[in-house]
Structures are given as structure tokens and as C-alpha cells.
Amino acid sequence: MVIFYRRLPKFEYIKPESQNMLFEILSDNKNCSVYAGGTDLIPKLKKRLIKPPDVLIDLKGLNELDYIKIEGGTLKIGALSTIYSVATSKIVIEKFNILSQAAKSIAAFQIQNRGTIVGNICNAVPSADSAPALLVLNAKLNIKKKDGSRKVNIDEFFIGPNKTVLDKDEIVTEVEISEVPSSFKGIYYKLSTRGKMDLATVGVAVLLGSDNGRFSDIRIGLGAVAPTPIRAKRAEELLKGEKINKELINNAARIASDESSPIDDHRASATYRKIMVETLVKRAICRLTEVG
Amino acid sequence: MEKKEIRFKINGEDTVISIKPNKTLLEMIREDLKLTGTKEACDHGECGACTVLINGVPVNSCLVLAMEAHGKEILTIEGLKQDDRLDPIQEAFIQNTGMQCGFCTPGMIMSTKALLNRNPKPNDDEIKEAIAGNLCRCTGYTKIFESIKDASSKIGGK
Ligand SMILES: Cc1cc2nc3c(=O)[nH]c(=O)nc-3n(C[C@H](O)[C@H](O)[C@H](O)COP(=O)(O)OP(=O)(O)OC[C@H]3O[C@@H](n4cnc5c(N)ncnc54)[C@H](O)[C@@H]3O)c2cc1C
Ligand code: FES
Ligand code: FES
């Protein structure tokens with residue numbers, strides 16, 4: 001019998017007003033869970049997909065983590081920045097356009113207004129729409145705990161479905177993205193039967209720098225086709241430094257597809273996903289290079 | 001799991017209430033405040049029936065904890081009418097038959113309210129985007145869309 005839960009399990013609720021207070025609680029080793037928008041966590045708790053925490057910690061008291069700013073060319077997005085604010089941020093649209101495309105592709109306004117980009121990453125599902133874009137942007141995550149901090153590259157952050165390198169007493173405070181040359185162009189394609197209203201069946205992000213008809217830089221990020229979001233590094237290697245041409249692009253797209261390891265689920269078969277990785281990588285690179 | 005006291009404004013009225021931490025905003029609105037205009041359907045953020053505005057921003061109240069209302073201004077469908085006059089959006093939905101069973105309607109109207117506050121003259125795509133998170137099983141959306149266009153012409157001018 002399927003039990004259909006609607007109500008939340010029992011927990012205490014705390015909303016720390018300062019990071020000191022937060023890290024004190026986290027270091028106490030209680031069974032607690034932090035959340036920001038709650039758009040992933042609340043449904044999971046309702047569905048009893050995770051063990052309910054004794055204490056739910058609302059990060060929204062830490063107002064200082066709500067920002068999107070540029071410092072010395074580097075983009076900084078605080079842990080409380082919503083998906084909507086990133087999707088519509090002028091700086092992001094102008095200088096890191098692929099990230100605004102990815103943010104725009106996430107769900108309806110009701111979700112975008114609550115959910116955060118950092119929450120999207122920390123939740124760590126393979127289909128997280130911001131992940132392929134953040135991977136090609138070489139984003140770094142600033143992580144803090146009571147007595148320390150560390151910086152982790154996004155390609156080392158995910159370790160499996162719903163798993164990251166975060167320890168229980170740590171939170172991500174910020175996403176950091178170094179300046180991207182203004183000549184670079186990017187595309188995020190989300191393949192989904194209901195546009196932004198469904199999760200990605202396949203997500204493909206491509207960031208391209210070209211110089212004199214050559215691929216000076218090319219980065220390919222894939223979502224929903226491996227246990228974590230990944231970079232298609234072998235496909236990138238094939239293209240880097242080479243003259244832009246159709247045959248090479250076709251080959252790279254095939255290699256990107258080989259690099260993926262999707263599963264069958266109710267959204268699509270693994271075979272279909274592999275075919276669509278090839279199709280979308282090819283389409284994205286052709287569109288960006290204007291090769292027919 | 002002790003109840004905690006929270007204070008907030010709902011539909012313009014200051015409210016103080018003691019509430020359990022695991023109650024959602026939707027449950028509090030319907031069960032404690034008896035404002036049953038806001039509907040519960042999927043309960044998982046998918047359908048928009050429970051849409052309310054927090055500080056002017058549309059959210060799914062089924063995914064918000066009641067505790068988070070503290071210090072905020074909440075607007076539900078009951079708060080739209082001014083004195084005894086319906087909001088122009090409500091008028092437009094009635095005049096254009098923008099509903100059949102009516103279950104999605106409060107959510108639709110709240111999403112429309114947020115849209116027209118921000119952008120009184122939205123284009124067709126902006127209207128569709130604004131109600132993308134509100135599912136309707138009955139109307140096929142055409143009449144809803146026409147209602148919103150009509151409301152926008154009343155509020156924002158032609
Ligand atoms: C109807 C619906 C549609 C959706 N559609 C999409 C979609 O199209 N694409 C998509 O990618 N996602 C989608 N999502 C998922 C979700 O909205 C996003 O992943 C969102 O970005 C999560 O952010 P949040 O702040 O709400 O996360 P929360 O639910 O608050 O947290 C998610 C997880 O991250 C952890 N966490 C949050 N912040 C931090 C932090 N600062 N440090 C450490 N850990 C942290 C929490 O402990 C939790 O485990 C959808 C969800 C719903 C309900
Ligand atoms: S009841 Fe909240 S979105 Fe469906
Ligand atoms: S009118 Fe019945 S669900 Fe929309």
C-alpha cells in the first residue's frame with residue numbers, strides 16, 4: 001500500500017540571527033538540518049524521504065547572505081539569493097548569461113521566489129538546472145563551519161545523487177565565479193516535456209571562446225545523465241585549439257554522449273538520454289559557432 | 001514540540017497566534033485563521049492552488065512554514081476586495097468566466113495580482129509565464145488568459 005503523507009513530521013524550528021549562533025548549533029552535533037527556500041527540503045520531509053531532523057534551522061535570518069555582487073570582476077552570490085533574483089540580475093544577464101538562462105529554466109515564479117541557487121547545488125540531484133552552467137563557469141563554493149572555512153571547486157563538490165562533500169557542521173555561504181572574457185558565449189539547453197515546469201531529462205551547458213576560427217576555450221556541462229552533474233572533458237579536449245568545423249563538432253558530441261552514464265527512469269530511457277546528449281551538445285556548439 | 005508565538009499582518013490585519021513549528025503557512029491560513037479561500041491540492045509545490053503573496057511576492061504556501069510568516073505581510077484571496085468592491089482582477093474573472101469548478105481560481109488570481117502589481121501591461125508571454133505554476137484541470141486556460149488580459153486593460157490601460 002502506498003501511504004500518501006501530507007503533513008510534516010515533528011521538529012523544532014530555529015532561525016539564527018547570526019552566523020556565530022548558527023555554527024554553535026551546528027557544531028553541537030544534534031540531528032539538525034539547515035534550509036533556505038525549503039522547496040526541496042519541505043517536500044522531502046512531507047514524503048518521508050529523509051529522516052526528520054530534531055531541529056530545522058532556517059538560514060533566512062542571516063540577512064548578510066542575501067546578495068549578488070561583483071568584486072574585482074568576480075561574481076559573488078550569497079546563500080540566500082533566490083533563483084528569481086539570479087535569473088533577473090542585470091550583472092548575471094550581462095556578464096554570466098548562461099547562469100541566468102539556467103536559473104530561468106527552474107520551475108514557476110512561486111518556486112523561483114523561494115528556492116535558492118545554493119540550495120539547488122546543495123540538494124545535489126543530477127538534474128539540478130544550475131549545475132551544468134556553474135560547472136562550465138568553473139564556480140567555486142565558499143564553505144564555512146565554526147572554526148574554519150574552505151573553498152571547493154564545483155567539479156569536486158558533488159559525490160553522488162543527493163551527496164556532496166559538505167560535513168554536517170558546514171554550510172555553503174557563497175558561490176564565486178571568476179570573470180569570463182566578454183567574447184565568450186554560452187547556451188543552456190534544458191530538455192523537458194513541460195519546459196521549466198518539469199525537471200530536466202537532459203541538461204546541456206556549453207561555454208565557448210573562439211579566436212580566429214579556432215576553439216580557444218570550450219567547456220561542456222551535462223546534467224541528469226550521470227550520478228552527478230559532470231563536465232564532458234574528453235569532448236572538450238578534442239575541440240580545444242582546433243579549427244572550428246562541423247565534422248569535429250559531430251565527433252565531440254558523440255564523445256560527450258559516451259562520457260555520460262544515464263539511467264532509465266520514468267522521464268526517459270538511458271538510450272534516449274544518450275542520444276539527446278549528442279544532439280544537444282552538437283546543437284549548442286553549432287549555434288554558438290554559427291556552423292550550419 | 002512547543003507552540004511559538006508569531007506576529008504578522010494578514011490582509012491588512014495585525015495578527016498574533018501560537019503555532020506549532022511543523023505547521024505550514026497553508027495549514028495555518030486554512031485551519032487556524034479559517035481563511036479557506038486559499039486551496040490545498042497537491043501539497044508539494046506543483047499546482048499553485050495555495051498561492052499567496054508574502055510581502056507582495058507569490059509563493060506556494062504549502063511549502064512555507066507558518067513560523068516564517070513572522071514579521072511579514074501576507075495577502076490571500078480574501079484580502080483583495082476593498083470595502084465591498086471586488087478587485088478588478090476578480091471582476092474580470094467573473095465577467096470573462098475565467099473559472100469552471102473554481103478550485104484553481106484563488107491561486108490564479110493571486111499570481112495575476114503579483115504580475116499586475118509588478119507589470120500592469122504584460123504581454124501574452126509574460127501572462128503565460130506568470131501563471132505557469134498554476135494548474136487548472138477544467139478551463140483549458142483560454143478563459144483564464146482572457147480574464148487576465150481584460151484585468152490588465154482595466155488596471156494598466158489599453
Ligand atoms: C514544484 C517544483 C519544481 C521544481 N523544479 C525544478 C527545476 O525545474 N529545476 C531544478 O533544478 N530544481 C527544481 N526544483 C527543486 C528546487 O526548487 C531547487 O533545487 C531549489 O534551488 C532548492 O533551493 P532551496 O533554497 O529551496 O533549497 P532547500 O530546500 O532549502 O535546501 C535543499 C537542500 O540543500 C541544503 N542547503 C540549502 N542551503 C544550504 C546552504 N547554504 N549550505 C548547506 N546546505 C544547504 C538543505 O539542507 C537541503 O538538503 C523544483 C522544486 C519544486 C517543489
Ligand atoms: S497545494 Fe501548494 S502548490 Fe499545490
Ligand atoms: S476551474 Fe477547475 S481547476 Fe481551474
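An oxygen atom of ligand 1 lies 2.8 Å from a polar backbone atom of A:Gly37, a polar contact in the sense of a pair of N or O atoms within 3.5 Å (within protein, one must be able to donate a hydrogen and the other to accept it, and residues adjacent in sequence count only if both atoms are side-chain atoms). The model is predicted, so local features need pLDDT of at least 70 and side-chain atom pairs count only at pLDDT 80 or more, while totals for chains, interfaces and linings use all residues. Residues are numbered from 1 along each chain as its sequence is written, chains are lettered from A and ligands numbered from 1 in the order in which they are written, and side-chain values use heavy atoms, with hydrogens and water left out.

Ligand 1 also has an oxygen atom 2.7 Å from a backbone N or O atom of A:Ala36. A side chain takes part as well: a polar atom of A:Asn120 is 2.8 Å from an oxygen atom of ligand 1. On its own, ligand 1 has 970 Å² of accessible area, and the protein covers 93% of this (Shrake-Rupley method with a 1.4 Å probe; for residues, only the protein chains shown count as cover).

Which elements of chain A give two or more residues to the shell around ligand 1? They are β2 (32-35), α7 (117-123) and β10 (171-177), where helices (H or I, at least four residues) and strands (E, at least two) are DSSP runs numbered from the N terminus. The largest share comes from α7(A), with five residues. There are 35 residues around the ligand, and A:Val34, A:Thr39, A:Asp40, A:Thr116 and A:Asp129 come nearest; a residue counts as near if one of its heavy atoms lies within 4 Å. By type, the shell has 18 nonpolar, 11 polar and six charged residues. Nonpolar means Ala, Val, Leu, Ile, Met, Phe, Trp, Tyr, Cys and Pro, charged means Asp, Glu, Lys and Arg, and the others, Gly among them, are polar.

Eight salt bridges are counted between the two chains, each a side-chain nitrogen of Lys or Arg within 4 Å of a carboxyl oxygen of Asp or Glu. One salt bridge joins A:Lys196 to B:Glu129, with the closest N and O atoms 3.4 Å apart.

Over all chains, the structure holds 28 salt bridges.
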